[in-house]
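Let's work through a few exercises together. Keep the viewer open and try each task before you read its solution.

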Amino acid sequence: MAKELTQITFDFSGAESQEFLSGKPIEKPAVKKKSTRGRKSLKATDDELHHVQVPEDEELFKKQYYSMGEVSEMFGLNQSMIRHWAREFQFDLRTNKKGDRYFKPTDVKTLQLVYDLIRRRKMTIPGAKDFLKKNKQANEKYAMIQSLQRMRNFLMELKASL
């Protein structure tokens, strides 16, 4: 009647055994995602500069006013950033009774210059203000630079097609 007893050993060190004991599948540790806070890399800021989609002057001046949402989409920025720049650089914006801000096409062009000073040239806001005060023809110079860049892009495309 005496039955021989055998000893059973369990290995609880592996993940399968922990999953078996708890009854729930064990989640594997996720790869830690890099934080998006702080200063962006130079490559990321260069990529953002190419996403500015301000239309050409003929198309831009077809409308009298642009809403805050339209302008923020053109520059790919938050509306709060554009409001901050408009307040700092003292744009003369139109508002309706509800308080919505509307930009004139000349304000959009000036905002494009401010964007270039702050984002591409890495100036601070006081530095950009000082630059605009000292250089009254800054808008004209920026327009000339833009036209030269368009010409360069056209010539590069022409060269690539040959």
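**Exercise 1. Which residues make a nonpolar surface patch of about 400 Å²?**

Solution. First, some ground rules: this is a predicted model, where local features need pLDDT of at least 70 and side-chain atom pairs count only at pLDDT 80 or more, while totals for chains, interfaces and linings use all residues. Residues are numbered from 1 along each chain as its sequence is written, and side-chain values use heavy atoms, leaving out hydrogens and water.

Now the patch: look for Met151, Phe154, Leu155 and Leu158. Patch residues have over 30% relative accessible area and no salt bridge, with nonpolar side chains (Val, Leu, Ile, Met, Phe, Trp, Tyr) joined within 5 Å and like charges within 9 Å. Take Leu158, which sits in helix 8 (residues 138–161). With a relative accessible area of 41%, Leu158 is partly exposed; that label lies between buried (under 20%) and exposed (over 50%), using a 1.4 Å probe and protein chains only.

**Exercise 2. Find how many helices and strands the protein chain has, and in what order its elements run.**

Solution. Then read from the N terminus on: α-α-α-β-α-α-β-β-α-α-α. Last, check burial: 21% of the 162 residues count as buried.

**Exercise 3. Work out how helix 5 packs against helix 4 and helix 6.**

Solution. Axes are lines fitted to C-alpha atoms, for helices over the stretch in contact, and angles run from 0 to 180 degrees between N-to-C directions.

Step one: helix 4 (residues 68–75) meets helix 5 at about 100 degrees, with axes 9 Å apart. That makes helix 4 and helix 5 roughly perpendicular, a label for angles of 65 to 115 degrees (under 35 is roughly parallel, over 145 roughly antiparallel, the rest oblique). Met68, Gly69, Val71 and Ser72 of helix 4 touch Gln79, Ile82 and Arg83 of helix 5, where contact means heavy atoms within 4.5 Å.

Step two: helix 5 (residues 79–88) and helix 6 (residues 105–120) also pack at about 100 degrees, with axes 11 Å apart. So helix 5 and helix 6 are roughly perpendicular to each other. Here Met81, Ile82 and Trp85 of helix 5 meet Leu111, Val114, Tyr115, Ile118 and Arg119 of helix 6.

**Exercise 4. Which side chain forms a salt bridge with Arg150, and where in the chain is it?**

Solution. The structure holds 8 salt bridges, each a side-chain nitrogen of Lys or Arg within 4 Å of a carboxyl oxygen of Asp or Glu. The partner here is Glu56, at 3.6 Å, N to O. Glu56 lies in the loop between helix 2 (42–49) and helix 3 (57–60), and Arg150 in helix 8, 94 residues apart. Is Arg150 buried or partly exposed? Arg150 is partly exposed at 42%, and Glu56 is partly exposed at 43%.

**Exercise 5. Compare that with Asp116 and Arg120: how far apart are they in helix 6?**

Solution. Their side chains meet in a salt bridge at 2.6 Å, N to O. Asp116 and Arg120 are 4 residues apart in helix 6, so about one helical turn separates them. Asp116 is buried at 6%, whereas Arg120 is partly exposed at 38%.

Conventions:
Areas by Shrake-Rupley, 256 points an atom, 1.4 Å probe, with all protein chains shown as cover. Helix = DSSP H or I, 4+ residues; strand = E, 2+ residues; numbered from the N terminus.
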